[in-house]
Amino acid sequence: MTTTAPAREPAVRKDPPGAARGPRRRPGRLRRVTLPYLLLLPALILELLVHLVPMVIGVVMSFKELTQFYIRDWGTAPWSGLDNYKVSVDFDAPVGEALLHSFLVTVVFTLLSVALCWLIGTAAALCMQDTFRGRGLLRALFLVPYALPVYAAVITWVFMFQHDNGLVNHVLHDQLHLTEGRSFWLIGDNSFFALLTVSVWKGWPFAFLIVMAGLQNIPKELYEAAALDGAGMWQRVRRITLPSLRPVNQVLVLVLFLWTFNDFNTPFVLFGRGAPRAADLISVHIYEASFVTWNFGTGSAMSVLLLLFLLVVTGVYLALTSRERTGRRARTGPRRTEERADV
Amino acid sequence: MSETVRTAGAPRTARAPRTTKAPRTARPPRSPMAPPRAFLWTRRIFLTLLAGFVLVPVYVMVSSSLKPLADVTGTFHWLPSELTIRPYIDIWSTVPLAKYFVNSLIVAGAATVCSVVIAVFSAYAVSRYSFRGKRVFTVTVLSTQMFPGILFLLPLFLLYVNIGNATGIALFGSRGGLILTYLTFSLPFSIWMLIGYFDSVPRDLDEAALVDGCGPLGALFRVVVPAAIPGIVAVAVYAFMTAWGEVLFASVMTNDTTRTLAVGLQGYSTQYDVYWNQIMAASLVVSVPVVAGFLLLQRYLVAGLTAGAVK
């Protein structure tokens, strides 16, 4: 990187990029062409090494019969064509049925978690938009779940969900007498709600953080103008805040969705190996399918299917939201928000 | 909703005193920006409940870490029967926590530094130059965010083992391999955020530096980077937290000497006993550096997000 910075004539610099006019400028042009690539090189190499090449290997593996006999030298594993995929999507057989169930659980879980995270995060950010006493403290407090390392936070929840010595049962049963007996939270059907609670507890501060940052980009004059025109608080939220936040929300919801859908850390720390069926998220499920049965070929096939699903969802989502965005811009133009604020 | 009174020019903060119990008509005229009373109460209740939701686990963590073992094995009680700092002494000998701590510090620290430097270079290139393949690069980097970690866990493991066999560079089981892995986890978000941040630094600034004879890297480090410090701090915080909290790869890619906290913390539950007070104490100890750092720097994070990512 350091080899690319010899001293140059200042005059060349004033030209807009790509405006080479004389032969004198050739070295500058060459530099200008190669420099961005050199700057990108470290990131590119790392992304290739850690993400893209392994992904390709993963796809290759999904077409192999990669059981524990071949794991030492996986190149010699026999090709198995589409067998791994057939096993994964054969919903009548136990493997496929379990995968489908896990997928559906993950979809429901993700939708609920993202919706709740977004709702709580946005509501909290809106509530804390104008100054009041203790606002800074409260903001710091709200960010604690996000700042805590996942395992430390989730392990605390594991303790709270314990059957005999946990806080949740103590409050629900001993103090409020809401349940007949002490419930199990980390096994059985309740585990879904335990997982959802932890996921929302941990996830909503991120939505809060992003929406809070987004709110600061909305000019104050918009609100003042709207207020003078008699817009009430709710109308200001509906007509100014939410439309202005739309681009932020589009990215936020997508990021939340992908993170929640792929989340491994939370269920893994919460349930350990062997998640209960009601909370069998897809990441842990594939992990189990790979490492418990030592059948990495099938595990890879499941991962590839998962990736395809995420690609399709993301693609459709981006196509829908960007069309909507360009459509709106064509109709009103970016500056027109102020006019729409006149309610 | 419709009770807004037109008092032009009233400052935003001017608000009717909340404590007055007088009938509505007797109140001084409210600013049009002042929120309605019902909202103030809803807000108070909502924020209180939310603070409770957030705080309960934190309270459990802190209070249980000060309880004797008998307290945490029996029925839960809000208050400890006696306060003891014993768990904080025992955590260091039950498992080699200090070693895990050092490992985590090295891994997360190195991953953060590398990730930030690489992200600065990439973001500068994307923000300041137009070149072929720019869009492909940004889209590719961003799309790696959606890869399920499980998809490349095993291939990466095999790749590291093969590289190790071929070149003698031990990536699997070493801190180096983990650093390499973690820094790419935070890289996409870091690049994305810094692109936005660098875009908001006026181009005239670095053009002026270029005119004054700085090379492009001189302009980057003397002008753009100093102007983008909040964004860079935000990215560093994010990168550190990502590396500090990761569980999946840490559990597969470390051995006894390189184990990090994420895996090491599981050592407090044996087959027969779960030392909940020690687990809580250890959780608190490993959380303090990140939470303290995060809360100190969260202003930068919000500022960085405001200028960068959410634009």
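In this structure, 86 residues of chain A are in contact with 89 residues of chain B, two residues being in contact if their C-beta atoms, placed from the backbone, lie within 7 Å. This is a predicted model, in which local features need pLDDT of at least 70, side-chain atom pairs count only at pLDDT 80 or more, and totals for chains, interfaces and linings use all residues. Residues are numbered from 1 along each chain as its sequence is written, while chains are lettered from A and ligands numbered from 1 in the order in which they are written.

**The interface**
- Helix 2 (residues 26–61) of chain A gives the most to the side of chain A that touches chain B, with 17 residues; helices are DSSP runs of H or I with at least four residues, numbered from the N terminus.
- By class, that side of chain A has 63 nonpolar, 18 polar and 5 charged residues.
- Ala, Val, Leu, Ile, Met, Phe, Trp, Tyr, Cys and Pro count as nonpolar, Asp, Glu, Lys and Arg as charged, and the others, Gly among them, as polar.

**Confidence**
- The model scores ipTM 0.82 and pTM 0.82.
- Chain B has a mean pLDDT of 82, with 86% of its residues at 70 or more; pLDDT is the predictor's confidence in each residue, from 0 to 100.
- Over residues 1–23 of chain B the pLDDT is below 50, and this stretch has 32 contacts in the model beyond near neighbours in sequence.
- Where pLDDT is low, the predicted coordinates should not be read in detail.

**Ser283(B)**
- Ser283(B) lies in helix 13 (residues 276–307) of chain B.
- Ser283(B) counts as buried because it has 28 C-beta neighbours inside 10 Å; a residue is buried if 20 or more other C-beta atoms lie within 10 Å of its own, exposed if 12 or fewer, and partly exposed in between.
- Leaving aside neighbours within four places in sequence, Ser283(B) is in contact with Ala152(A), Ile155(A), Thr156(A), Met61(B) and Leu265(B).

**The nonpolar core**
- The largest nonpolar core has 168 residues, of which Val154(A), Leu270(A), Leu194(B) and Val235(B) touch the most other members.
- A nonpolar core is a set of buried Ala, Val, Leu, Ile, Met, Phe, Trp, Tyr and Cys residues joined through C-beta atoms within 7 Å.
- Helix 4 of chain B gives the most to this core, with 15 residues.
- Apart from neighbours within four places in sequence, Val154(A) is in contact with Val198(A), Thr266(A), Val269(A) and Leu270(A).

Technical notes. Helix = DSSP H or I, 4+ residues; strand = E, 2+ residues; numbered from the N terminus.
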